[in-house]
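Reader: I would like to learn how to read this fold. Please take me through it feature by feature.

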Amino acid sequence: MSAYMNNIFNYSRPLPEPFDTLTNKKVSVSSKYGDGTNATLCSTVIKAVHAVCRCMDGSAEGAVGVIDHRTVAEYKSSMGPDEYHLVVYDSNSGSLMASVYDKNTEVFENYVLNASGRDGAAVMMALFPVLMNDEEFSDNFELYRDQFSHGFSDLSSATEYMAMLCDNAYRRIKDASCSAAVKVSVDKAGNLMRVSQVQLDSGAFEPTHVIAGEFTIFAKTARVIVKSADVIVEHTDFVGKYELHPRTMSSQEKQLIPVLLEWYIIPQEVVDICKHAQATTGKPTQMRNFLLRGPSGTGKTRSAKAIAAGLGLPYMAYTCSAGTEIFDFIGQIFPDTDSGSTGDAQLDHEKAILASMGGINYANVSKMMNLPDLDDMDYDPAGVYQALTGVENAAATSQDCMSIVLDRVTEKVCALSRRDENSKSSGQTYTYIETDFIKALKYGYVIEIQEPTTIVQPGVLPGLNSLLEQTGTITLPTGEVIERHPDAVVVVTTNIGYEGCRSMNQSVIDRMSLVRDVELPTPEVMVQRAMAVTGATDEYQISQMVQVVNDLSEYCRKNSITDGSYGMRSLIDWIVSSEITGDVYESALYTIISKATTDEVDREALISAVLEPIFTKKRKRATA
């Protein structure tokens, strides 16, 4: 059975608002699958698209969802206060099932799709997830949805977007040879197989993914309204727009200026910091020191890099640990390893590599040895610990990993500093190794100091107070006096309320121009970031997962659970794992729940109080 097009696309029906005043239904646009002439507005498509938009913004009842290769729709009819059109579509066979259902009386009627019967808006709504698989359709839908949400501020453009949707749907359903064809089987009479009460009671058509709205008949789902971020700062309006002083950067410096990823949504606190830095330039009290503090996973480091991008400055970073000392910031004197031989060919080769990288410092040695960085340690401390030591330790922390890495770097530096006893050199020479911290302050870059509250020695950061002053200076081990560049920006990022973290010294806080508490992004931003990073397309499910992560964060805060981490990284891991396992609940146990705490009792509480109210464990089917 093929699609009887007059039943699906009835062009004789009047157009709904805002197109009801148009004198001509034809529009001079054409789908790439069309004949290149024009498109015809179709009431069925318009009503279906409007129904989906209203489900998405929560302004009307109804829903669209996916089971597997089948899709389902609950279309709220205007014919009665309790009348719904229920449609099930099988994309493999093209078959359709539909019923008219009274939610109050639970009475079913046949759904007949033809000129004298139903107009097919509910059917088109059920086809929506499949239609959205085409880039042309999805792009025009998003453009039209934006016009819809803003009251059709540009009706001419909205008309063209809708015409493209109508033409795209028509061409793909009509032409079976189309590369993006949508298979639909409808006979001339327009009779569709009925959806029954038995099928509803058995949950046969319960959706596994909700695209839009709230199901109240096929299933009971809680509403999650998908919104866009309230304010989005365009990258083109931000990157390099907050220049402090006109400067000419070398090619090497340009490579150090961060490039923002396309999906990254710029937080308001980042914009505010850049504005303050630029607005105070040249004044006696320039704002150049900033503190970002908040829970793990809230994007503090990414924000620091974004600040550098907005200012158009190179970015550098130093990660503190329990054993960090003042010389880790200002540099140390090392034996001169650039002259003479160590007596070991491999070590001499490594010396040459380091020389080409700019000399012997922690970053270069760590990079040469392919040691993990802080992001790796934060992401999977247990895995990094096992990779470094060969020992399993589920309770390993990023600090444990950092300690091992520091020891290995120190050991390598000592080895590189050895001199061949047979060398004819008259004596040992020494070289001062300049740190990234000093480079940044000396040449006017952005330097991020990560996790200074982990430092055991209380006097380390206060020892840098002179450099934190706007016109500060410090004397290096070589005797050289370094003056702080007027463009140098210090961004301190630190977690709060976590094991291993201490209070920030008051004298250091006093030298911060702005102190911003960074929380998890708004749910809308979290959804957009997560979908952009993972490629996930189910906005409804991602919104539910975001809700779980936010609820988990709140629960941990109220119950003083501070031995774990949660945030965007955990959310992304959960989404990726769910796509692999196909089980959102099961994946949550080994991503967000397991990372939130090591305490078994607390994990059980998180499962029952946070996870299960939104995602329940899959029931195993009984076997005969």
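**Strand β3 and its sheet**

Author: Start with strand β3: 5 of its 5 residues are buried, so the strand is largely enclosed by the rest of the structure. Keep in mind that this is a predicted model.

Reader: Which way do the residues of β3 point?

Author: The general idea comes first. In a regular strand, side chains alternate between the two faces of the sheet. Now the case here. Gly62, Val64 and Val66 point one way from β3, while Ala63 and Gly65 point the other way. All of them are buried.

Reader: Which strands does β3 pair with, and over how many bridges?

Author: Strands count as paired when at least two bridges join them. β3 and β8 are joined by 5 bridges and run antiparallel. In that pairing, Val66 stands opposite His209 of β8. β3 also pairs with β4, again antiparallel, over 4 bridges. Here Ala63 faces Glu74 of β4. A hairpin through 3 residues connects β3 to β4.

Reader: What is the strand order in the sheet?

Author: The order is β7-β6-β5-β4-β3-β8. These 6 strands form an open sheet with antiparallel pairing. β7 (107-110) and β8 (209-214) are the edge strands, each pairing on one side only. From one strand to the next, the twist averages 15°.

Reader: How many bridges join β5 to β6?

Author: Strand β5 (residues 83-90) and strand β6 (residues 96-102) are joined by 7 bridges and run antiparallel. Leu86 stands opposite Ser99 in β6.

Reader: Where does helix α2 pack?

Author: Look for contacts, then for direction. Helix α2 (residues 43-57) packs on the sheet and touches β3 (62-66), β4 (70-76) and β8. The direction of α2 makes about 85° with that of β8.

Reader: Which strands does helix α3 lie across?

Author: Helix α3 (residues 121-131) lies across β3, β4, β5, β6 and β8. Helix α3 runs at about 140° to β4.

**Rings, charges and cysteines**

Reader: How many aromatic pairs does the structure hold?

Author: There are 16 aromatic pairs. One of them is Phe9 with Tyr11, which is stacked: 6.4 Å centre to centre, with 15° between the planes.

Reader: Are Phe9 and Tyr11 buried or partly exposed?

Author: Read the relative accessible area; buried means under 20%. Phe9 has 3% and is buried. Tyr11 has 27% relative accessibility and counts as partly exposed.

Reader: Why is the pair of Phe329 and Phe437 edge-to-face?

Author: Check the angle between the planes. The ring planes of Phe329 and Phe437 lie at 70°, so the pair is edge-to-face. Their centres are 5.3 Å apart. Phe329 lies in helix α10 (residues 326-330) and Phe437 in helix α16 (residues 436-443), so the pair ties together parts that are 108 residues apart in sequence. Both Phe329 and Phe437 are buried.

Reader: Which residues form one aromatic cluster?

Author: Phe19, Tyr144, Phe148 and Phe152 form one.

Reader: Where does the charged end of Lys76 sit?

Author: The charged end of Lys76 sits over the ring of Tyr84, 5.6 Å from the ring centre.

Reader: What is the count of disulfides?

Author: The test is a pair of cysteine sulfur atoms within 2.5 Å. By this rule the structure has 0 disulfides. As for burial, Cys274 counts as buried at 0% relative accessibility. Cys320 counts as buried at 5%.

Methods:
Residues numbered from 1 in each chain as written. Predicted model: local features only at pLDDT ≥ 70, side-chain atom pairs only at ≥ 80, totals over all residues. Heavy atoms only, no water. Phe/Tyr/Trp six-rings, centres within 6.5 Å; stacked < 30°, edge-to-face > 60°. Buried < 20%, exposed > 50% of the residue type's maximum accessible area, 1.4 Å probe, protein only. Helix = DSSP H or I, 4+ residues; strand = E, 2+ residues; numbered from the N terminus. Lys NZ or Arg CZ within 6 Å of the ring centre and 35° of its normal. Axes fitted to C-alpha atoms, helices over the stretch in contact; angles between N-to-C directions. Contact = heavy atoms within 4.5 Å.
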